[in-house]
Amino acid sequence: MSDYMDGNMLGGTLGELFSMDVTSAMLTCVSCGASWAVAQTRVYPHAPGMVAR
Amino acid sequence: MARAAVLGRLTWRVGTVAATRDETATARTIVLDVPGWPGHLAGQHVDVRLTAGDGYSTERSYSIASAPPDGQADPPVVELTVQRLADGEVSPYLTQTLAVGYPLELRGPVGGWFVWSPDGPASTRPVLLVAGGSGVVPLMAMIRERAAVGSRAPFKLIYSVRDPAALLYASELERREQAGDGVEVTYVYTRTAPPGSSQPTGRINATILASAGWPPEESPAVFVCGPTGFVEAVADLLVRAGHGASAIKTERFGPSGGKP
């Protein structure tokens, strides 16, 4: 069973820090160059902190 | 008004339950008066926070079911539809205990990516909505917004559900489809079809997406919402059918609800 959640869920927590929507922001991997919206990532909320990949 | 929904930092605010509506035996719509609500876009969600007497607190995300307020209602109204999970920590409280007059703490509106707005080029672009179970909730907000603003963008909804008793918004969807102004609904039953139906039960497959959806050449905007496995399977089928990955927006709800 998968234990990751949707990148859209980061919007609430990060929305307290940023005055713009972060789920539409694009992330680019420095290693492989792949580019995704925050909303498209998989979030592992039970790591220390939240991990999006 | 619409832009206000994505500007400014989010803060927690307190809404008051104005009404509740049972949608199925296990799902309830909660109508909240939310003073100061800045408005929202169809598809956005809120985070709900419950705090126990001992200070323990926990949060969950719920999609907004209602179209953005029209600016007339004061205070603005926000509707959430919550599906009760048998082993849930938050949903039993929201669907069984919470009653008219109770306060509810919420933060939002959240998310500017999984949204449909009737403005600009989207005003006539075909839309394909694919729902798995209670994943229909944010898609319903889009259908309601379409009606509220009088949009004629052609919408097709493919709604996968266990059996007829689990259908959310059944009568409203029927009414909106019968209005004949461009909303088509196809139901896919995974376990039990309605009595007398000749339709086989099963999961959404490539054939259903091709017959009940839009061809890729129509360049539809696509929104898929449901459990993680459902969403990833449907998105794969759509990409294989030739839909551009960038045209497909997804929202998954995981099996976890947030508990470790």
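Residues are classed here as buried when under 20% of their relative accessible area is left, as exposed when over 50% is left, and as partly exposed in between (1.4 Å probe, protein chains only). The structure is a predicted model, in which local features need pLDDT of at least 70 and side-chain atom pairs count only at pLDDT 80 or more, while totals for chains, interfaces and linings use all residues. Residues are numbered from 1 along each chain as its sequence is written, chains are lettered from A in the order in which they are written, and side-chain values use heavy atoms, with hydrogens and water left out.

Chain A has one helix and five strands, these elements being DSSP runs numbered from the N terminus (helices: H or I, at least four residues; strands: E, at least two). Along the sequence of chain A the order is β-α-β-β-β-β. The C-alpha atoms of chain A fill a box of roughly 35 × 25 × 15 Å along the principal axes. Of the 53 residues in chain A, 36% are buried. Chain A exposes about 3100 Å², of which carbon and sulfur atoms supply 63%; accessible areas come from the Shrake-Rupley method with a 1.4 Å probe, and for residues only the protein chains shown count as cover. Among the contacts in chain A (heavy atoms within 4.5 Å) with a separation of 6 or more, 42% join residues 24 or more positions apart.

In chain B, helix H2 covers residues 136-149. At 1.5 Å a residue, its 14 residues should span 20 Å, and the end C-alpha atoms are 20 Å apart, which agrees; the expected span is 1.5 Å times one less than the number of residues. Because 11 of the 14 residues of H2(B) are buried, the helix is largely enclosed by the rest of the structure. The buried residues include Val136(B), Leu139(B), Ile143(B) and the charged residues Arg144(B), Glu145(B) and Arg146(B). Just after H2(B), Gly150(B) takes a positive phi of about 70°.

Ser134(B) is found in the loop between strand E7 (127-132) and H2 of chain B. With residues up to four places away in sequence not counted, Ser134(B) touches Gln83(B), Leu168(B) and Phe253(B). Ser134(B) and Pro227(B) are 93 residues apart in sequence, and their C-alpha atoms are 8.6 Å apart in space.

Positive phi values also occur in residues other than glycine. Tyr169(B), in the loop between strand E8 (155-161) and helix H3 (170-178) of chain B, has a phi near 60°; at 4% relative accessibility, Tyr169(B) counts as buried. Ser219(B) has a positive phi of about 50° and is placed in the loop between helix H4 (206-212) and strand E10 (221-227) of chain B. At 42% relative accessibility, Ser219(B) counts as partly exposed.

Two cis peptide bonds can be described. The bond from Asp74(B) to Pro75(B) is cis, with omega near 0°, and Pro75(B) lies in the loop between strand E4 (57-63) and strand E5 (77-83) of chain B. The bond from Gly108(B) to Pro109(B) is cis, with omega near 0°; Pro109(B) lies in strand E6 (residues 103-110) of chain B.
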